[in-house]
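Here is a friendly walk through one protein model, written for someone who likes to know the cut-offs behind the numbers. Please keep the viewer open as you read.

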Amino acid sequence: MVKKFLVLLQNEFQGYNGIKLQKDIMAGITVAAVALPLALAFGVSSGADAQAGLITAVIAGLVIGSLSGGFYQISGPTGAMAAILMSIVASQGMQGVFLATFLAGLFLLIAGIFRLGALTSFIPAPVITGFTSGIAIIIALGQVDNLFGVHSEGSNVIEKMASYQELGFSPATATWLMGLLVILGLVFYPKSWNQKIPGSLVLIILCTAVMMLFDLPIATVGRIPQTLIGEQRLHLGFTLKELQAVLMPAISIALLGMVESLLCGASAGRMANQPLDSNQELVAQGIGNLILPFFGGIPATAAIARTSVALKSGAQTRLAGIVHALVLFLSMILLGPIMSQIPMPALAGVLIVTAWRMNEWHTIRELFAKRNWAAISLFLLTMICTVVFDLSIAIVIGVIGGCIFFIWKSAAITISVDRIDWARMNLPQTEKLKNWSVVYISGPLFFMSAEKLKSTLAGLQEHDGIIFSMRGVPNIDLTAIGVLDDFQAQAAKRNQLVIYTSLQPDVKKQLAHLWQDDQRKEHATVAHALANLHAYYEEN
């Protein structure tokens, strides 16, 4: 893997010059402008603080960006990850978050070393769309407190929403007005302007200026220490009990980190016309998340929004991601006191719009337009499970649901029974074959379709002979073979002849014992079987 990574770097920086460096610097600055408000917002929404979000963006940009499997990958805190962290903070505190991040980093590193990057391909697309929408719902509902200036309690969004009934819901006018204006501002912000300066950054700057000028009674981000080492961070000396308590959250973080990073890389790789080295990306994500907790950072993963901005801004190499991290660090050092005045409803507005845009609306509309009920059911099931339970449970349920739908769909077979059409076969009618029928079967014959086959065969006892046409049967299992064995045994007692035609190679191999004593019982096609039968009965 090390050799492969060195070759990747060599190819990436081949022919590097001052013009490319200039493009990387400009792209890095542009990405930093997009990442700054998001890093603050995701840090706060996770249950940590704004500094944790900035530390994560800086360290991830430097470490993960340097080791990434694709030069275009820009990593940092994400909304999806923040949605998971809320419940961990509520139940385990920040030390629980740091420990879960460390474990998740270890899992990701192991996954990369053992080349498990292809595992995400086993997750059905509707499941990915479903948990993305579920996470968007969690993010949006998690910002109700900050948007309206109210207070809730609970370890997850459902408990928080339910707590308003007991605690009351009295929105602060100045707070919700500012949040609403930010949401509307982002919705109507011209796309052409957004390419030059992000709307979220403009609106947060304006809201911060209003706060500093008028000293409104609105909650702010609070003090941002001007250092990369947070006051709260992971300390060595944790116990086995503490590790067990965060094991499942760590698995959720690792799963989400894997899915987000590799999906981001797949999408960005098409944009850059350079495929992602998925296993190297997992190694990079693993090392980054192993280091982050010791600085006070929260889990990081590659983010499609920042990655696409980097590519559109002309990023040439991974230096763009490193520049973006350095710009964020300078912002923390130089602008910390000003950023501490950022109003919480402004960040809430940014997050709510981000959550809305996270949804894969094109895919969702296509699902419902095509009325693909299996895919719609998977999407809704995963979305609900993500909100009610957590990501790891939602993905497991979604994958199991996908397997069930696949098996159910695979079980669908078509069986039709037709009398012999001698005219179509271009053969003269043979009186001795008058009471014969052809059974056409299409679809896999296995335990779930065996009962339909059995019930069809039960109605064929009065026929003198049966010709099975099985061109459309790709495979057969022992249960279905047993049904055919039983039918043929009973047919022999009735002096009923059974012939098999048009068999696929694997199916023919498994059914060969049914005609080994009589070569007339297996033929290439129905027409071939009828021609042989006609000749046989004419001679006899």
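This is a predicted model: local features need pLDDT of at least 70, side-chain atom pairs count only at pLDDT 80 or more; totals for chains, interfaces and linings use all residues.

Residues are numbered from 1 along each chain as its sequence is written, and side-chain values use heavy atoms, with hydrogens and water left out.

**Overall fold**

The protein has 23 helices and seven strands; these are DSSP runs numbered from the N terminus, with helices being H or I of at least four residues and strands E of at least two. Its radius of gyration is 32 Å, whereas a compact globule of 540 residues would have one near 24 Å. That radius is taken over C-alpha atoms, and the globule rule is 2.2 Å times the number of residues to the power 0.38. The C-alpha trace spans about 110 × 65 × 50 Å along the principal axes.

Of the 540 residues, 51% are buried. Buried means under 20% relative accessible area, exposed over 50%, and partly exposed in between (1.4 Å probe, protein chains only). For contacts (heavy atoms within 4.5 Å) between residues at least 6 apart in sequence, 81% join residues at least 24 apart. The accessible surface comes to about 25400 Å², and 63% of this belongs to carbon and sulfur atoms; the areas come from the Shrake-Rupley method with a 1.4 Å probe.

**Nonpolar cores**

In soluble globular proteins, nonpolar side chains tend to be buried together. Here a nonpolar core is a set of buried Ala, Val, Leu, Ile, Met, Phe, Trp, Tyr and Cys residues joined through side-chain atoms within 4.5 Å. The largest one has 102 residues, and Leu40, Leu54, Ile224, Ile253 and Leu347 touch the most other members. Helix α4 (residues 79–113) gives the most to this core, with 17 residues. Leaving aside neighbours within four places in sequence, Ile224 is in contact with Leu40, Ala50, Gln51, Leu54, Met332, Gly336, Met339 and Ser340.

**Single residues**

Which residues have a positive phi without being glycine? Asp215 does, at about 50 degrees, and Arg371 does, near 55 degrees. Asp215 lies in the loop between α10 (199–214) and α11 (240–245), and Arg371 in the loop between α17 (361–370) and α18 (373–388).

Leu180 is found in helix α8 (residues 173–188), and its C-alpha atom is separated by 47 Å from that of Ile113, 67 residues apart along the chain. Lys452 is found in helix α20 (residues 450–458). The C-alpha atoms of Lys452 and Ala411, 41 residues apart along the chain, are separated by 9.7 Å. Not counting residues up to four places away in sequence, Lys452 touches Ile413, Thr414 and Ile415.

| Residue | Relative accessible area | Class |
|---|---|---|
| Leu180 | 36% | partly exposed |
| Asp215 | 64% | exposed |
| Arg371 | 59% | exposed |
| Lys452 | 41% | partly exposed |
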